[in-house]
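Here is a friendly walk through a structure, with the cut-offs spelled out as they come up. Have your viewer ready and follow along.

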Amino acid sequence: MWSGVVSRGKRLRLTDLDGGSNVSMLLYNALERHERYNMPDTLKGQHIFYLRAPYCLHSDMGRLLASITADMVGWHDTVCGHSDAARVLAKYGEHNYQQAHNDWYRNGRDCFLIELAKWGLGKKDLVPNLNFFSKVVSNEEGALSFVPGNSKPGDSIELRFELDALVVLNTCQHPLDPETEYKHRHVKLEVFSGDAPALDDASLTIRPENQRAWANNETYHNLRFQLP
Amino acid sequence: MTESPLQAEAATYREVIPAGDWWVHEIKKGQTLRILDLEGNQAADTLFFSAADPTERYSADRTIQEQAALYLTTGTKLMSTEGNALLTITADTCGRHDTLGGACSRESNTMRYAHDKECMHACRDSFIRGAQEWNVELTKRDLTCNINFFMNVPVTPDGQLSFADGISAPGRYVEMKAEMDVVCLISNCPQLNNPCNGWNPTPVEVLIF
């Protein structure tokens, strides 16, 4: 699990080192932590049920938190949430710290709550999260199925932050992953500097909604910070 | 589709919520809440909280996870953030209710439609006022991804998502039995920019048995 503030314009690259990893993530405006990643606005703003490049991660205030600028996977789950202690116990059995020390079984909810607390956040701030590298599809009746093998060793995804964001993540297994064995899979995090998006940037032009949200980001930054 | 054996005349509480208004009320364990779409195609944006501890609240992702399915209908357990069933849907004459569409807000209206739609009334403002008027003051932080009863948000196998015309009609209802004491917060959606209310927001009625 990890959390940190990444400033506007920087890129975060996540690389699935082992294949089959899952990265559960939540995002907040670092300066106004009441503003947070919003699953419904992300989906209905872009008319899509999953995420891939060049789509964006929307906040609940009509703004963009981040854009997906590179993606070797092509499908990332947005709706299935995270595991909790009861689910991990029922699925994988007892494997506590006393027995296993740092090979113990973690769960998504505890990892989120631990990292959120370090920034003054808690249960009220825990909302439906993203699951990078995991694919879940729906049939016409809405029944969901997990698609194994979605992400291969070395696959990566890159996010460009569109405002200063608090990033909270963990690598616990996806809650619908049918694998019966608990896996400690490894993900590399790297942060790079980068240029601001051009007006013809693919993430902004893919949907008119993203262009209007980007304009809201510009207004926010112009009001809050010194004009360039 | 499952009809209810309960007769409306037997309800101990009835209230009509006009479009654009909010309603907040406690439902005791064992009581049944019916939401009735009076004129058809009206989205009732709904949140539930544990009455004993409102930090425990409806969770869209836990509800989806529990049934490994997106839509709500008879038999669905509405799950909390703590992994408990808040209510169970016991009757449904509409057939499908949305978990993904969330609530409209003035801010998201600027993103979705146009910047000059910012002034139009939206569900989140109703949710905020309803949350502030509950016995324990709740705030924006307490407002999570809600249920949209009577709303149709189809997802295709290739991952497209749209807001479609409602599948509800006048007189259709959904009924749910409380598994614990819960607080129900409804915003009767005022949205005029998409077909979720059939372009004409109308009242819904709530009944408690």
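A10(B) counts as exposed because it has 8 C-beta neighbours inside 10 Å. A10(B) sits in the segment before β1 (13-17) of chain B. Between A10(B) and W22(B) there are 24 Å in space, C-alpha to C-alpha, for a distance of twelve residues in sequence.

A word on conventions: this is a predicted model, in which local features need pLDDT of at least 70 and side-chain atom pairs count only at pLDDT 80 or more, while totals for chains, interfaces and linings use all residues. Residues are numbered from 1 along each chain as its sequence is written, and chains are lettered from A and ligands numbered from 1 in the order in which they are written.

## Chain A as a whole

Chain A holds six helices and 13 strands; helices (H or I, at least four residues) and strands (E, at least two) are DSSP runs, numbered from the N terminus. The radius of gyration of chain A is 17 Å, close to the 17 Å that the globule rule gives for 228 residues, so chain A is as compact as a globular protein of that length. Here the radius is taken over C-alpha atoms, and the rule is 2.2 Å times the number of residues to the power 0.38.

Along the principal axes, the C-alpha atoms of chain A fill a box of roughly 55 × 40 × 30 Å. Of the 228 residues in chain A, 48% are buried. Among the contacts in chain A with a separation of 6 or more, 76% come from residues 24 or more positions apart; a contact means that the C-beta atoms of two residues, placed from the backbone, lie within 7 Å.

Which residues of α1(B) are buried? They are A60(B), D61(B), R62(B), T63(B), I64(B) and Q65(B). That is six of the eight residues of α1(B), so this helix is largely enclosed by the rest of the structure. The cover over them includes β5 (77-79) of chain B. Just after α1(B), A68(B) takes a positive phi of about 45 degrees.

Strand β3 (residues 32-37) of chain B is also largely enclosed, because five of its six residues are buried. β3(B) pairs antiparallel with strand β8 (residues 172-178) of chain B over six bridges, and L36(B) stands opposite Y173(B) there. Pairing requires at least two DSSP bridges between two strands. Five bridges also join β3(B), again antiparallel, to strand β10 (residues 204-208) of chain B, where I35(B) faces V206(B).

## An open sheet and its helix

Four strands of chain B form an open sheet in the order β2-β9-β4-β7, with antiparallel pairing. Its edge strands, each pairing on one side only, are β2 (22-27) and β7 (147-149) of chain B. Six bridges link β2(B) to strand β9 (residues 182-188) of chain B, and H25(B) has C184(B) as its bridge partner.

Helix α3 (residues 123-132) of chain B lies across β2, β4 (44-50) and β9 of chain B, at about 145 degrees to β9(B). Axes are lines fitted to C-alpha atoms, for helices over the stretch in contact, and angles run from 0 to 180 degrees between N-to-C directions.

## Where the chains meet

The contact takes 34 residues from chain B and 40 residues from chain A. On the chain B side, α1 (60-67) and α2 (106-112) each supply at least two residues.

Definitions and conventions
Buried ≥ 20, exposed ≤ 12 C-beta atoms within 10 Å, placed from the backbone.
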